[in-house]
Structure formats: structure tokens, C-alpha cells
Amino acid sequence: MMLYIGIFAVIVVACVFISLMMMKKQKETAKKYEGESGIALAPGVKDELLSDEFSELRKQLNGAPIDAFTQCAYIATVGDKVASAAATAAKTVAWAAVGVKARYNERDNASYLVLSNNELHYVFFDEGEVRDHLVFDHETLLDARTAQITNSEKVTRMGSVMGLKPKKMHLDVNGNGLDIIYYGTVQRMPHGIISPGSGMFETQARLQLMGRLFLDRLYKKYPQLQN
């Protein structure tokens, strides 16, 4: 009996030691990307990510510059079909609700907001494939405003809200309201969640930095969206 207790104690101590070492490594890695020094590194990190794990975002922008990107909640309508207007020369896509106010919820896939000059792109990936790409122009964003996340959204979208620093903006598109919940961090790649491994903490820290860069760039262009 004492032998088993001793073995169990050794296993517990080993697990605690490993956990503490992993936490220490995570903090040390995150520290590299904190504060203004982290923001200074962000453009280079962004370009590396867009050339690798997030290359599909670059393809979607078709040569347009990408100032920053972050994760957001998937936009889906409930009720009547939302009509999509034709894209203009500025590649602006407008959504207009038909007879009903649009409601939104999230699927377990990857959605992003991409800031490109004065445009804001919404790109949704389903199983690694792009399913939706909407573009909101400068005039629409100038009129955008902050909005409160409702209690019903906290209940129905708790998986999105918890731990992701949620923000919410309200847009007026062709006279119809559109709400977008977005985050100050990135936790998913277009093809899925971050794979565990030796580079996991580095990847997490770099993706969190992308969220910070997005908020920094978005609020400089559209300060009325800053809480």
C-alpha cells in the first residue's frame, strides 16, 4: 500500500512541476509581446502569419493591404433570407433584411474582421473554406457606433463571450441595422484551433497580439468605436 501511495505522490509532484513550468514558459513567451514594444513587433508578426497560417485571408483581399485582423462572431440571420446587394467598384457588399430585423448567432467555425485602408472586411470560414466575404465601406464605418452585448447574447453565445474580450459595433447598412461582435484576440485559425505542441505558447501570444493590433488600428481610424 505504501508503495502505491509513494508512486501516486511522485506522479502528483511531477504533474504539478510540469504545470508550473508550462505556466512559467507561457508567461515568459507572452511578455515578449506585451505593451508598446509588442505593438511595434505586430506588423512584422502580422506579415508572417498572413504568409503562413492566415494566407487565405490575404487571398481574399486580392492584393489590397491588410492593416490588421482579429476574430469575430459568425453572422447568421434567423427568419427571412437576407438579400445581398451587388458589390460596387469599391468592393462594398451591403446586407439588407427583408421584412424582419436580422438576428445573429455563432457557429463553431472561424470568422474574422480584416481592416484594409478604410474598409472593414468580414470573412467566414467553414471547414477551412471561405463561405462569406462582406465589405463595409468608409462611410458606413464613420456612422458605426458601439453597442451593448445583451443578456440573451450572453446566454446564447456564452462560448464566444467568455475569455475573448468581446466588443460590439452597430452598423447601418442601407437603412438596416447590423450588429457585429468582435474580440481583442484571436484563438482560432481558418482551418481550426491551435494545435498543441512545443510552439503552442508562441502561437497563442502572436495571435493575441493580432487582436491588440486590430483594436489599435481600428480605434485610430474610427475613434467613436472605442469604449
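Here is a quick tour of this protein, from the overall picture down to a few helices, strands and aromatic rings. Keep in mind that you're looking at a predicted model. The protein holds seven helices and eleven strands. Out of its 227 residues, 41% count as buried.

**The big picture**

- The protein exposes about 12600 Å², and carbon and sulfur atoms supply 56% of that area.
- Take the contacts with a separation of 6 or more: 63% of them come from residues 24 or more positions apart.

- Helix 2 covers residues 35–51, which is 17 residues.
- From first C-alpha to last, helix 2 reaches 25 Å, close to the 24 Å expected at 1.5 Å a residue.
- Where is the kink in helix 2? Look at Ala-42, where there's a kink of about 40 degrees, shortly before the proline Pro-43.
- Ala-42 is also one of the buried residues of helix 2, along with Gly-38, Ile-39, Val-45, Lys-46, Leu-49 and Leu-50.
- What do the buried residues of helix 2 pack against? Their partners are helix 3 (55–61), strand 1 (68–71) and helix 7 (200–221).

**Aromatic rings that pair up**

- How many aromatic pairs does the structure hold? There are four.
- In one of them, the rings of Phe-54 and Phe-69 have centres 4.9 Å apart and planes at 40 degrees, so this pair counts as tilted.
- Phe-54 sits in the loop between helix 2 and helix 3, while Phe-69 is in strand 1, so the pair links distant parts of the chain, 15 residues apart.
- Tyr-182 and Phe-214 make an edge-to-face pair, at 6.1 Å centre to centre with 70 degrees between the planes.
- That pair also links distant parts of the chain: Tyr-182 belongs to strand 9 (residues 176–183) and Phe-214 to helix 7, 32 residues apart.
- Tyr-182 has a relative accessibility of 1%, so it counts as buried.
- Phe-214 is buried too, because its relative accessible area is 0%.
- Phe-54 and Phe-69 turn up again in one aromatic cluster, together with Tyr-112 and Phe-125.

- Strand 5 spans residues 119–126, and eight of its eight residues are buried.
- In a regular strand, side chains alternate between the two faces of the sheet.
- Both faces of strand 5 are covered: Glu-119, His-121, Val-123 and Phe-125 are buried on one side, and Leu-120, Tyr-122, Phe-124 and Asp-126 are buried on the other.
- Strand 4 (residues 110–116) runs antiparallel to strand 5, and seven bridges join the two.
- Which residue of strand 5 does Ala-110 stand opposite? It's Phe-125, which is also part of the aromatic cluster.
- The hairpin of strand 4 and strand 5 has two residues between the strands, and Asn-117 there takes a positive phi near 55 degrees.
- Strand 5 also pairs with strand 6 (residues 129–136), again in the antiparallel sense, over seven bridges.
- Phe-124 has Asp-132 in strand 6 as its bridge partner.
- The hairpin of strand 5 and strand 6 likewise has two residues between the strands, and here Glu-127 takes a positive phi near 55 degrees.

- Two bridges join strand 7 to strand 8 (residues 166–173), and Arg-145 stands opposite His-170 in strand 8.

**One more stop: Gln-204**

- Gln-204 is found in helix 7.
- At 23% relative accessibility, Gln-204 counts as partly exposed.
- Gln-204 and Val-186 are 18 residues apart in sequence, and their C-alpha atoms are 8.1 Å apart in space.

Methods. Residues are numbered from 1 along each chain as its sequence is written. This is a predicted model: local features need pLDDT of at least 70, side-chain atom pairs count only at pLDDT 80 or more; totals for chains, interfaces and linings use all residues. Side-chain values use heavy atoms; hydrogens and water are left out. Helices (H or I, at least four residues) and strands (E, at least two) are DSSP runs, numbered from the N terminus. The expected span of a helix is 1.5 Å times one less than its number of residues. The bend at a residue is the angle between axes fitted to the seven residues ending there and the seven starting there. Buried means under 20% relative accessible area, exposed over 50%, partly exposed in between (1.4 Å probe, protein chains only). Contact means heavy atoms within 4.5 Å. Rings of Phe, Tyr and Trp (its six-membered ring) pair if their centres lie within 6.5 Å; planes under 30 degrees apart count as stacked, over 60 as edge-to-face and the rest as tilted. Two strands pair if DSSP finds at least two bridges between them. Accessible areas come from the Shrake-Rupley method with a 1.4 Å probe; for residues, only the protein chains shown count as cover.
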